[in-house]
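Trainee: I am new to this structure. Please take me through the terms used for it.
Mentor: Gladly. Let us look first.

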Amino acid sequence: MAEIHLTGRAASSGLAIGPVTLLATAVARRTDVGDPAHEAAALQAAIEAATAEIAGLIESVQGEAADMLEFQVAMIEDDALAEEAYHAIAEGAAADQAWRAALDAEVAGYRSAEDEYFRARAADLVDIRDRVLAHLSGADPAAKIAGDSIVAGEDITPSAFLAADWSRGGAIVLAAGSPSSHVAMLARARGAPMVVGLGPLSWKGHTPALALVDGDTGTVIFDPEPETRRRFELRMASAKAARAAAEAVRTEPARTAGGRPISVLVNVAALDDIDGLDPAICDGVGLVRTEFLFEASHGLPDEDTQYAVYRRIVDWAKGRPVTIRTLDAGGDKPIPGLTADGESNPFLGLRGIRLSLARPQVFRVQLRALSRAAVHGPLKVMLPMITVPSELDRAASMLDAECSALAAKGIACARPPLGIMVEVPAAALRAEDFESAFYSIGSNDLTQYTMAAARDVGAVADLNDTGNPAVLSLIARTVEAGRRRGVEVSLCGDAAADTRLTAVLLATGLTIFSVAPVAVARLKAVIATVRP
Ligand code: PEP
Ligand code: MG
């Protein structure tokens with residue numbers, strides 16, 4: 001057989017080689033069917049068992065995996081999901097047929113949604129569908145995937161992903177799928193290469209035995225010729241050697257080839273990002289995305305809960321600076337009960353600081369918890385989605401008021417420096433107008449707003465480019481404003497970890513980068529190659 005080259009979209013970086021495992025989606029059929037009351041009871045029992053099973057799984061995972069499963073629990077607990085199935089059962093359908101038809105219709109709706117966020121959630125619904133069907137038929141719901149294999153299929157459910165041991169290698173290659181799906185996020189967090197959107201995987205009756213996966217370029221080669229395989233294995237060996245060399249200098253301070261010192265900080269999106277992590281690998285924490293606290297509590301985490309989390313991060317950093325961002329809900333981060341429903345364009349709606357100012361009772365609790373944690377180390381507070389100076393001024397007055405109120409009650413607190421994220425072009429163009437203690441550039445949003453290309457829409461991914469001169473000039477402008485005002489400027493968006501951009505970003509005058517912990521070693525290694 002000639003080797004087959006397919007190109008899709010890169011969803012999780014890295015190289016992998018391994019035997020191909022096809023994802024089986026078959027679920028055993030149920031044979032005994034009773035009257036409508038019996039069928040309705042069977043469906044209800046299966047839904048309850050599936051819900052309990054997902055809740056049990058939540059106990060065994062953390063971070064994004066737990067968030068994803070909580071999302072599934074919220075979906076399955078929504079009575080509207082099974083409504084159609086119960087109607088069909090009342091009209092004589094069997095429980096499994098009724099449930100499958102109802103969920104297939106939902107899945108089709110999600111798959112054809114305009115919004116990539118909803119399309120990316122279709123795999124969660126398939127997961128729920130199959131889990132309930134498995135309970136109805138008594139089958140084992142978890143697809144078995146051996147570690148170190150290249151898993152190929154139409155799409156993969158989060159449960160199937162979580163059932164495999166990715167520490168042994170392997171990769172995922174999908175005909176459909178999305179880089180912003182829950183599975184793609186999990187794959188990135190676990191370092192499993194993933195390519196999506198390969199199109200129909202038809203091998204004309206012959207299933208390939210072996211595949212080579214390049215999660216950096218989004219290419220997959222099935223049944224490679226010996227020479228292709230040999231060259232790929234050489235690339236894997238040199239990538240492994242580069243990783244090992246980078247790991248060896250992970251705790252060294254970053255310096256360019258010309259000797260310029262560069263600060264490398266870490267981004268924290270959940271407490272398990274820093275669990276077991278040596279703070280010596282970084283110069284501090286450049287961004288704590290506090291959304292995880294609000295998602296976990298399904299609304300408003302109380303002041304003590306927030307204080308304990310902020311303090312834990314400050315303690316972990318052992319005297320290094322820690323920048324905690326206030327709630328950045330809305331846009332691509334909806335929080336049920338808090339963010340506005342039905343906005344026609346949530347990215348341009350009530351998100352970030354706009355939402356916090358509109359919900360002062362929620363915002364004030366966070367400001368109090370942050371002021372209390374600031375007693376324990378160099379904590380700074382950062383405001384997301386700032387567009388005009390009055391937003392910073394209003395937030396500053398509220399922070400002052402909350403600090404004074406705490407002090408009046410004899411509660412230990414310190415007023416943290418208050419800075420802004422620069423992620424809206426209006427703020428980048430006029431950065432010097434803001435009385436900000438520092439600037440942190442959010443390249444993810446700054447890029448999407450400058451290029452008018454949403455960060456989660458694959459079809460405009462080429463335009464969503466931080467390396468575009470328009471975005472780079474806004475970054476350079478912000479750096480210059482910081483220099484003139486004598487305040488620090490850092491970069492905490494994903495571009496900070498994109499080592500293809502490191503040289504041009506350093507050329508804008510940036511000296512502080514904040515990236516996910518997994519990206520620290522590679523970034524430091526690339527900084528060391530940049531002149532001057
Ligand atoms: C950004 O926009 O670059 C950023 C860091 O914020 P988030 O990705 O959380 O919106
Ligand atoms: Mg942002």
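Mentor: One cut-off to begin with: buried means under 20% relative accessible area. Keep in mind that this is a predicted model.

Trainee: Why is Ala481 called buried?
Mentor: Its relative accessible area is 0%. The cut-off is under 20%. So Ala481 counts as buried.

Trainee: Where does Ala481 lie?
Mentor: In helix α17, which covers residues 469-485.

Trainee: What does Ala481 touch, leaving out residues up to four places away in sequence?
Mentor: Ala431, Glu432 and Tyr439. The cut-off for contact is heavy atoms within 4.5 Å.

Trainee: How far apart are Ala481 and Leu429?
Mentor: They are 52 residues apart in sequence. In space, the distance is 9.4 Å, C-alpha to C-alpha.

Trainee: Now Asn267. Is this residue buried or exposed, and how do you know?
Mentor: The relative accessible area of Asn267 is 8%. The limit is under 20%, so Asn267 is buried. Asn267 is found in strand β10, residues 261-268.

Trainee: What makes the pair Asn267 and Ser514 a polar contact?
Mentor: Their side chains are joined at 2.6 Å. The cut-off is a pair of N or O atoms within 3.5 Å. The pair therefore qualifies.

Trainee: Which backbone oxygen lies 3.1 Å from a polar atom of the Asn267 side chain?
Mentor: That of Cys492. Both Cys492 and Ser514 are on the contact list of Asn267, which also includes Asp273, Gly286 and Arg289.

Trainee: Which residues come nearest to ligand 1?
Mentor: Of the 15 residues around ligand 1, they are Arg289, Lys333, Gly442, Asn444 and Arg455.

Trainee: What distances separate oxygen atoms of ligand 1 from polar atoms of Asn444 and Arg455?
Mentor: For a polar backbone atom of Asn444, 2.7 Å. For an N or O atom in the side chain of Arg455, 2.7 Å. A polar backbone atom of Ser443 is 3.0 Å from an oxygen atom of ligand 1.

Trainee: How many cavities of 30 Å³ or more does the structure hold?
Mentor: One. The largest cavity has a volume of about 50 Å³.

Trainee: Which element gives the most to the lining of the largest cavity?
Mentor: α13, with three residues. Among the lining residues are Phe294, Leu327, Arg359 and Gln366.

Trainee: What classes make up that lining?
Mentor: Six nonpolar, two polar and one charged residues. Arg counts as charged, and Arg359 is in the lining.

Terms used: Residues numbered from 1 in each chain as written. Chains lettered and ligands numbered in written order. Predicted model: local features only at pLDDT ≥ 70, side-chain atom pairs only at ≥ 80, totals over all residues. Heavy atoms only, no water. 1 Å grid on protein atoms, 1.4 Å probe; cavity = no way out; pocket = protein on both sides within 12 Å on 5 of 7 lines; lining within 4 Å. Points joined across faces, edges and corners; volume = space filled by probe spheres on them. Helix = DSSP H or I, 4+ residues; strand = E, 2+ residues; numbered from the N terminus. Buried < 20%, exposed > 50% of the residue type's maximum accessible area, 1.4 Å probe, protein only. Near = heavy atom within 4 Å. Polar contact = N/O pair within 3.5 Å; in protein donor to acceptor, adjacent residues only side chain to side chain.
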